[in-house]
Amino acid sequence: MKIVFYTGPQCSLCDLAELELSKTAMYSALDIEKVNIRNDANLYHLYGARIPVLKRADDNREIGWPFDSSTLETFLQ
């Protein structure tokens, strides 16, 4: 499954989100594309106050911080 991981430079919450994502059972099967929102004005406008955000490429559902690995398991099903 492809996941878009909206992040930013020196984002400590993004580091925590990545750690929680790594704890999920599906982690090894995920295709994770990290996107720095600072490189795109539209993305910065959409996600600047919300990162980290994970978006499923298959159905466009999103989950924003805060979340834990249990919540992510449900999101990834």
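1. Which side chains meet in a salt bridge at 2.6 Å, N to O? In this predicted model, they are the side chains of Arg 56 and Asp 58. Arg 56 counts as buried at 5% relative accessibility, whereas Asp 58 is exposed, with a relative accessible area of 51%. Both residues belong to a network of salt bridges that also links Asp 59 and Arg 61.

2. The whole structure holds seven salt bridges, one of which joins Lys 2 to Glu 33, with the closest N and O atoms 2.9 Å apart. Because Lys 2 lies in strand β1 and Glu 33 in strand β2 (residues 31-36), this pair ties together parts that are 31 residues apart in sequence. Lys 2 is partly exposed at 35%, and Glu 33 is partly exposed at 34%.

3. Glu 18 forms a salt bridge with Lys 34, their closest N and O atoms being 2.9 Å apart. Here the link runs between helix α1 (residues 12-22), which holds Glu 18, and strand β2, which holds Lys 34, and the two residues are 16 residues apart. Glu 18 is partly exposed at 27% relative accessibility, as is Lys 34 at 48%.

4. The count of aromatic pairs comes to two. Tyr 6 and Tyr 47 are stacked, at 4.2 Å centre to centre and with 15° between the planes. Since Tyr 6 lies in strand β1 (residues 2-7) and Tyr 47 in helix α2 (residues 41-47), the pair ties together parts 41 residues apart in sequence. Tyr 6 and Tyr 47 are buried.

5. The rings of Trp 65 and Phe 67 have centres 5.0 Å apart and planes at 75°, so this pair is edge-to-face. Trp 65 is partly exposed, with a relative accessible area of 25%, while Phe 67 is buried at 6%.

Terms used. Residues are numbered from 1 along each chain as its sequence is written. This is a predicted model: local features need pLDDT of at least 70, side-chain atom pairs count only at pLDDT 80 or more; totals for chains, interfaces and linings use all residues. Side-chain values use heavy atoms; hydrogens and water are left out. Rings of Phe, Tyr and Trp (its six-membered ring) pair if their centres lie within 6.5 Å; planes under 30 degrees apart count as stacked, over 60 as edge-to-face and the rest as tilted. Helices (H or I, at least four residues) and strands (E, at least two) are DSSP runs, numbered from the N terminus. Buried means under 20% relative accessible area, exposed over 50%, partly exposed in between (1.4 Å probe, protein chains only). A salt bridge is a side-chain nitrogen of Lys or Arg within 4 Å of a carboxyl oxygen of Asp or Glu.
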